[in-house]
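Student: Could you walk me through some helix packing and a few buried residues here? I'll jump around a bit.

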Amino acid sequence: MIEVTALHKSFGQLHVLRGVDLKVEANQTVCLLGSSGSGKSTLLRCLNLLEVPTSGRIIIDGRNVTDRNTSMTDVCRNVGMVFQQFNLFPHLSVLKNITLAPLKTGLQKPAEANELAMQLLKQVGLEDKAPAYPSQLSGGQKQRVAIARALAMRPKVMLFDEPTSALDPEMVGEVLAVMKSLAHQMTIMAVTHEMSFAKDAADRILFMDQGVIVEDAPPAEFFANPKTDRAKQFLNTIH
Amino acid sequence: MAAEYFMPQEYLHHLGAVLPALLRGAWIAVYVVVAAELIGVSFGLIIALLRLSKSRWMNIPALIYVDLIRGTPMLVQILFLYFGLPSLISAISGRPWSIDPILAGILALGFNSAAYVSEVFRTAIGSLDKGQTEAARALGLNRLQTFRFVVLPQAFRWAIPPLGNEFITLLKDTSLLSVIGVAEILKEGQLYAARTYAIFPTYIGIAIVYIVLTLSIANVLRYVERKLKVPT
């Protein structure tokens, strides 16, 4: 589903990604771990072209993302993203947040979009919040709406960029539960600091350090028996 | 001019008598402001977008425009458009050319206002969180859709109070058009005062008409602001 070859990304003098190679099968759930500055978020943001790679190749669902002729708009219709800061549209109701993209891109008709939105809200446990505005929701509710909003485009791939990092601790669980329910329904790549999610829901852990993937293993193996010193060090600081 | 006798009993009479003329002027002033702000808001938005562009070919001309307009008095701009430009065109074409004073007034006020409005929109758009456009783009909306449905509605809400200031300023600035003979509020009043020597009540009447108009604008904008307010 996702194929990344020799991916590099620099911000001016700062060389953030230094040759990432990666293959993710359809419906796999992959967790990206690593300390801050290791390039996890940048890798994720390259996949939907929020950052334009400096060099390398990305293919998602057979489409060459890094081809000059591929537009960001086309890529993003298949790839949903959930952000740390939710980024809901404050001037639109929950329902309209969810239906905006499917309607304006012509993907769905109004009746269809509303029906799907209500179905997704039910799935994330917020069907009663359809007419509410984002400022009336708690952090956990906002993030669940953001997930529903991304799902409304019926993406094949979902990218989660530290989805629980901005939440109060008691709201982390409700968001993780929604994320877990999506595992194996679609291809998921998540940057997270929630080890419980990585252990329970992930098929693979990718551990990044200094712009490259240094470990790639199933969670049981990674947590029990990390190969690199860097990963051992990281796991020690987490526990 | 004959000396004005202190006759307060006459003042009320003149206040009433000058009113029809002032209302005729008010109608012209409102007409000019509405037409000028159609130019001001639409052209101002374009200038704001040019200034936010990363290309120097776009943002530098826009910056020069804003600096030129803000750096010269509006009265000079009005006189330039009404007297200066026609004289240049007449000289070049060899035929007398003139411009209607109301049209000149609308153009001068409109393109002046555009410079100030562009600054309002520029800050409004700039104050929006980058995450908003990222989220919209990540959802598959293209640049234009992102601007139209996510950026503009939020920037517009933010811009209403400063735009209100701009509309009120512009309404008062229509008084400058009296110098090119536009029969707006001040000009109508001056004509009445010259005819009747009722100077004091006339200027009181003029002030009252401006106050009523500016308060109306302020209240209309407060209403719009309330209507567009997102529930919290």
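**Helix pairs and buried residues**

Tutor: In this predicted model, helix α3(A) and helix α5(A) are roughly parallel to each other, since the angle falls under the 35 degrees cut-off. Their axes come within 8 Å and cross at roughly 25 degrees, with α3 covering residues 94-104 and α5 covering residues 139-151 of chain A.

Student: Which residues of α3(A) and α5(A) meet?

Tutor: From α3(A) there are A:Val94, A:Asn97 and A:Ile98, and they meet A:Val145, A:Ala148 and A:Arg149 of α5(A). Sorted by class, that contact of α3(A) with α5(A) has four nonpolar residues, one polar and one charged. The crossing in which α3(A) passes α5(A) is right-handed.

Student: Staying in chain A, is A:Lys9 buried or exposed?

Tutor: A:Lys9 counts as buried, because its relative accessibility is 9%, and buried means under 20%. The residue is found in strand β1 of chain A, which spans residues 2-11.

Student: What does the side chain of A:Lys9 reach?

Tutor: The A:Lys9 side chain reaches the backbone oxygen of A:Val52 at 2.7 Å. Leaving aside neighbours within four places in sequence, A:Lys9 is in contact with several residues, including A:Leu14, A:His15, A:Thr42, A:Cys46, A:Glu51 and A:Pro53. A:Glu51 is 42 residues apart from A:Lys9 along the chain, yet their C-alpha atoms are separated by 8.3 Å.

Student: Switching to chain B, how many residues of α5(B) are buried?

Tutor: Seven of the nine residues of α5(B), residues 130-138, are buried, so this helix is largely enclosed by the rest of the structure. The buried residues are B:Gly131, B:Gln132, B:Glu134, B:Ala135, B:Ala136, B:Arg137 and B:Ala138.

Student: And what do the buried residues of α5(B) pack against?

Tutor: Those residues pack against α1 (40-47), α2 (72-78), β6 (79-82) and α5 of chain A, together with α6 (143-173) of chain B. Just after α5(B), B:Gly140 takes a positive phi of about 100 degrees.

Student: Next, how do α1(B) and α2(B) cross?

Tutor: The axes of α1(B), residues 8-52, and α2(B), residues 56-71, come within 7 Å and cross at roughly 130 degrees. The two helices are therefore oblique to each other, and their crossing is left-handed. The α1(B) side of the contact is made by B:Phe43, B:Ile47, B:Leu50 and B:Arg51, while α2(B) contributes B:Met58, B:Asn59, B:Ala62, B:Leu63, B:Tyr65 and B:Val66. These residues divide into eight nonpolar, one polar and one charged.

Student: What about α1(B) with α8(B), at what angle do they pack?

Tutor: Helix α1(B) packs with α8(B), residues 199-228, at an angle of about 45 degrees, and their axes are 8 Å apart. They are therefore oblique to each other, with a right-handed crossing. Among the residues that meet are B:Tyr11, B:Leu15, B:Val18 and B:Leu22 in α1(B), and B:Phe200, B:Ile204, B:Val209 and B:Leu213 in α8(B). By class, the contact of α1(B) with α8(B) divides into 12 nonpolar, three polar and no charged residues.

Student: Last one, where is B:Ser113, and what is in contact with it?

Tutor: B:Ser113 lies in helix α4 of chain B, residues 101-126, and counts as buried because its relative accessibility is 0%. Leaving aside neighbours within four places in sequence, B:Ser113 is in contact with B:Glu37, B:Gly40, B:Glu166 and B:Leu170.

Notes:
Residues are numbered from 1 along each chain as its sequence is written. Chains are lettered from A and ligands numbered from 1 in the order in which they are written. This is a predicted model: local features need pLDDT of at least 70, side-chain atom pairs count only at pLDDT 80 or more; totals for chains, interfaces and linings use all residues. Side-chain values use heavy atoms; hydrogens and water are left out. Axes are lines fitted to C-alpha atoms, for helices over the stretch in contact, and angles run from 0 to 180 degrees between N-to-C directions. Helices (H or I, at least four residues) and strands (E, at least two) are DSSP runs, numbered from the N terminus. Angles under 35 degrees count as roughly parallel, over 145 as roughly antiparallel, 65 to 115 as roughly perpendicular and the rest as oblique. A crossing is left-handed if the near helix is turned anticlockwise from the far one by less than a right angle, and right-handed if clockwise. Contact means heavy atoms within 4.5 Å. Ala, Val, Leu, Ile, Met, Phe, Trp, Tyr, Cys and Pro count as nonpolar, Asp, Glu, Lys and Arg as charged, and the others, Gly among them, as polar. Buried means under 20% relative accessible area, exposed over 50%, partly exposed in between (1.4 Å probe, protein chains only). A polar contact is a pair of N or O atoms within 3.5 Å; within protein, one must be able to donate a hydrogen and the other to accept it, and residues adjacent in sequence count only if both atoms are side-chain atoms.
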